[in-house]
Amino acid sequence: MSSKRPPLLWFNIFIFASSLLLAVVITPWYAFNYGMGWAHLIWFVVAFSFTNLSITAGYHRLWSHKTYQAHAVLKGIFAIGGAFSLQNSALHWSSDHREHHKHVDHDNKDPYSASRGFWYSHMGWMLRNYNQQTYSDYQNCRDLKKDKVVQWQHKYYAVLALLCNFGFPILLGIIYDDIVGMFLVVGAVRLFLSHHTTFFINSLAHIWGKQTFTDKNSARDNGILAFLTFGEGYHNFHHLFENDYRNGIYWWQYDPTKWLIKACSWVGLTEKLRVTPPLKIEKARATMMLKKAHDQLNAINAAPALARKLEQDFDSLMESMQDYYNSKMRLLQSKKQQVLKSHELEVLMIHHQQLKHQFHNQQQIWLSQIKRFA
Ligand SMILES: [Zn+2]
Ligand SMILES: [Zn+2]
């Protein structure tokens, strides 16, 4: 049985084992004996944010999914941060990730399929040579092969990774007169935490949390994971609407990657940010609520009249939702094109307010029904 398993990837095992040992055993010992200061903590936060955001905003939302376009300078920064985070080149990472979305939860075709358990999807898939055949020519990333920054990073990945992981900590060590301490904190601890928080998206974000928008795959929305991963924890939304530059779409959801991409658009570093029409999002959310409520009703063998009532409320909600979003779009277009006279626009706005009111009322009714059933 074991002879059939692909060969172990000793280099990966060495990186994961040594960063674990350095972060969990050697660093606390060093800090206890030699002490560490604010500079260590501040530079840890800077390096952790830089590497993780390079993965989330760069590798993930820019290169894997093309949810927006970025200036070459920003791409260069992400390419360096990606090499610093030691998660392979952007080309390789994106190739894996596109397969993950295309074949999500498939035992063999999804490179880090959650269907094979927590350990496999977290890091087991990187310890053996499981996916060699998919890397031959990066067929699923032909667009990225034309991206000069991606090609440059892929070609010099090893040099960049070595320079960043040794160069930055050593430079800080020289400045603050503590080469070993900075190497441990900004090098090892940062790498260890950056790795595992990113890996949580492949493992925990497919196990733990809510299926808010779809249950066709195992992806979950989880606020705690979003906090640890710069917004990537809203993974259920992401798997359904992968072309959206946001993962957390509501104002109260923590998604610093989205904020960074948006802020960069104000200074010309990003453009063409793609968003899903709100009608599509809200329809998916309400449909999922209906499905869950139906499951609950079936489980308790409720009277069919209850299910019918729920469906009627759902249909009314869909109708008022459609009217509201259509009117919103009409209003926005009219304002943009400036074709209406002021009194015509006023009429349109009053009508829009009525539809908004109607939609919100219907939403309240729907939510109170759902609370009873679900
Ligand atoms: Zn993705
Ligand atoms: Zn996923």
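Reading packing and burial

Q: Is L62 buried or exposed, and why?
A: Burial is read by counting other C-beta atoms around a residue, and 20 or more within 10 Å is the threshold. The model here is predicted. L62 counts as buried because it has 25 C-beta neighbours inside 10 Å.

Q: Where is L62, and which residues is L62 in contact with, leaving aside its neighbours within four places in sequence?
A: L62 sits in helix α2. With those sequence neighbours left aside, its contacts are A57, Y68, A70 and F78. As for E346, 284 residues apart from L62 along the chain, the two C-alpha atoms are separated by 40 Å.

Q: At what angle do helices α2 and α4 pack?
A: A helix pair is described by an angle, an axis distance and a handedness. Helix α2 (residues 38-64) packs against helix α4 (residues 90-102) at about 65°, and their axes are 10 Å apart. The crossing of α2 past α4 is right-handed.

Q: Which residues in α2 and α4 meet?
A: From α2 come G58, Y59, H60, W63 and S64, which meet A90, W93, S94, H97 and R98 of α4. This contact comprises four nonpolar, five polar and one charged residue.

Q: How do α7 and α8 cross?
A: The axes of α7 (residues 157-176) and α8 (residues 179-202) come within 7 Å, crossing at roughly 145°. Here too, α7 passes α8 in a right-handed crossing. Residues of α7 including F168, L172 and Y176 take part, with M182, F183 and L191 among those of α8. By class, this contact has 11 nonpolar, three polar and no charged residues.

Terms used: Residues are numbered from 1 along each chain as its sequence is written. Chains are lettered from A and ligands numbered from 1 in the order in which they are written. This is a predicted model: local features need pLDDT of at least 70, side-chain atom pairs count only at pLDDT 80 or more; totals for chains, interfaces and linings use all residues. Axes are lines fitted to C-alpha atoms, for helices over the stretch in contact, and angles run from 0 to 180 degrees between N-to-C directions. Helices (H or I, at least four residues) and strands (E, at least two) are DSSP runs, numbered from the N terminus. A crossing is left-handed if the near helix is turned anticlockwise from the far one by less than a right angle, and right-handed if clockwise. Two residues are in contact if their C-beta atoms, placed from the backbone, lie within 7 Å. Ala, Val, Leu, Ile, Met, Phe, Trp, Tyr, Cys and Pro count as nonpolar, Asp, Glu, Lys and Arg as charged, and the others, Gly among them, as polar. A residue is buried if 20 or more other C-beta atoms lie within 10 Å of its own, exposed if 12 or fewer, and partly exposed in between; C-beta atoms are placed from the backbone.
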